[in-house]
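Please read it alongside the sequence and the 3D view.

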Amino acid sequence: MNGAQLLVAALENEGVKRIFGVPGEENLDVVEALRRSSVELVLTRHEQAAAFMAATHGRLTGQAGVCLTTLGPGALNLTTGAAYAQLGAMPMVMLTGQKGILSRKQARFQIVDIVSTMVPLTKMAQRIVGTATIPSTVREAFRVAQQERPGPVHLELPEDIAAEAAPDMSLVPPLPMALPVAPPASLDRAAELVRAAERPLVMLGAAASRPRLADALSAFVRRVQIPFFNTQMGKGSVAGGSGLYMGTAALSERDHIHRAIDRADLIISIGHDTVEKPPFLMGPKGPKVLHVGYLPATVEEVYFPHAELIGDIGPSLTLLADRLEGKLPRAGALLALRQEILVRVAERARESRYPLTPQRIVHDVRQVMPEDGIVCLDNGMYKIWFARNYRTRVANTLLLDNALATMGAGLPSAMMAAMLHPQRRVLAVCGDGGFMMSSQELETAVRLGLNLVVLILQDDAYGMIRWKQAVDGFADFGMSFGNPDFVALAQAYGIRGTRVESADGLVPALEAAFAGGGMHLVTVPIDYSENMRVLVEELRGAGQREATVPR
Ligand SMILES: Cc1ncc(C[n+]2csc(CCOP(=O)(O)OP(=O)(O)O)c2C)c(N)n1
Ligand SMILES: [Mg+2]
């Protein structure tokens, strides 16, 4: 057995089924070991997409996804994916090759200090310097990646260590993650705070979307009957139509949901991670905040909780609900605002304008997606509209990135969702800008035989920045581009493409695309004049102050 074979055996020991990436000559021993293993090597057309896919595997399963690249240029292409997983708290293990470290036959050709590059982008970055440490290093990498707060880990395997004979070593068995539960004294204090509240509100943040948390969180909300809202990344973490959903905070203030937030006297903030654009701005006057988290809150200018409940969130919430159930006569005080907020948010969702309004697109997408269908967003203006307007009833059915907020992740994340859930409808929603940053992965998706529909929202511009430019009073300049003929592009990849040509054309186009199975690309023109009209003028009028404009 050589180092590469030991590495692959250690990956099998972690339950790894697939590795995404683009190998180089420094990985050839690893590739050969993969060929003889149970692990599938999934080639992508860019390393960045491999990292987005591996990170999304971690996000959706809690098990670190794995990606593989060569040294130097290939490894550098992982950096955006590393930051995506680091900010988004997605468990991922990145394996990169390197020239031999025991001799330097190629001098400094292609050598970049990748371990140092990865240090600020990961939870742990390490070079493997001998075969004997492979079993423990791999176990440690997965443990670090998967434990709270999850994130990326980088391991570099130089080619001479990969080829070196390895001693006969046993692997380290993985342990299930077991976290301590919040202590009784903190639970009592938290319960007292909630019981004293006149107008409590629950906020579900990014960590509320951890795959293992859905049941406990839904049970908590059902038992205490306190209305809740989400941050963008906490969206969909409570299952079912609870009747308690108040909205999603896609802006930081002055949106309709902030009428409830501003009136609340206590916010029970579950799993909030301040990597997200603030869902509300804490100040000296506003509501008290109780932070419930796996880890203590990160204190920020706009987030400084008054009390904390720290520990495994699910079981801690069960114990909190034991102390509160049936004892909160004022639990529903803010529910009176619910109907009006939801009605205002849904306004103009059926308007028959062409090009289509963002509200209409969100509405129509919801029509064709079953409850368990998964929508994966790239980054652009439409993210705000989907976060605000798209109602979710099943955990992790609207995947968006409000942490690194990078363009280019929409299609790869949808590909991963489609691989994990081949029986569910999966839709990637991308701007014409973001789609073109990953469009080469259409070939990967076709090769993998995925069932996946890609919806491109076409405004021939970097719409979000163009909007921001207008809001800030700058002239309209430098944000427009041309596009390829997307239907012809689809055909070039051997897949079907459809252009939506009327206001009522989107639903049938998406239905037909899903019914046909396989890959399908649908392009629809979008009318972004609504951005200014609703997200600035209307909300400014409603709040008598300027809405906070997202960047
Ligand atoms: C990799 C990356 N580059 C630049 C940005 C800044 N940015 C945010 S949204 C956006 C425009 C997105 O354009 P498009 O994908 O067409 O979506 P639209 O807003 O037009 O709907 C840009 C350039 C970013 N978030 N990520
Ligand atoms: Mg665009």
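A salt bridge is taken here as a side-chain nitrogen of Lys or Arg within 4 Å of a carboxyl oxygen of Asp or Glu. By this rule, the count comes to 31 salt bridges. The model is predicted, local features need pLDDT of at least 70, side-chain atom pairs count only at pLDDT 80 or more, and totals for chains, interfaces and linings use all residues. Residues are numbered from 1 along each chain as its sequence is written, chains are lettered from A and ligands numbered from 1 in the order in which they are written, and side-chain values use heavy atoms, with hydrogens and water left out.

**Salt bridges around Glu530**

- Arg348 and Glu530 form a salt bridge whose closest N and O atoms are 3.2 Å apart.
- This pair links distant parts of the chain, 182 residues apart: Arg348 lies in the loop between α13 (338–345) and α14 (358–368), and Glu530 in helix α22 (residues 529–543). Helices (H or I, at least four residues) and strands (E, at least two) are DSSP runs, numbered from the N terminus.
- Glu530 is buried at 0% relative accessibility, whereas Arg348 is partly exposed at 21%. Buried means under 20% relative accessible area, exposed over 50%, and partly exposed in between (1.4 Å probe, protein chains only).
- Glu530 also forms a salt bridge with Arg533, with the closest N and O atoms 3.0 Å apart. Both residues lie in helix α22, three residues apart, about one turn of the helix.
- Arg533 is partly exposed, with a relative accessible area of 34%.
- A network of salt bridges links Arg348, Glu351, Arg353, Asp527, Glu530 and Arg533.

**The Lys468–Asp472 pair**

- Lys468 and Asp472 meet through their side chains in a salt bridge (3.0 Å, N to O).
- Lys468 is buried at 12% relative accessible area, while Asp472 is partly exposed at 37%.

**The magnesium site**

- Asp432 (OD), Asp459 (OD) and Ala461 (O) coordinate the magnesium ion (ligand 2) at 2.1 to 2.2 Å. Donors are N, O and S atoms within 2.8 Å of the metal (3.2 Å for Na, K and Ca); water is not among the atoms, so sites may look incomplete.
- Along the chain, the donors of this magnesium ion follow the spacing D-x26-D-x1-A.
- Asp432 lies in helix α17 (residues 432–435) and Ala461 in the loop between β16 (452–458) and α19 (463–471), so the pair ties together parts that are 29 residues apart in sequence.
- Asp432 is buried, with a relative accessible area of 2%, and Ala461 is buried, with 3%.
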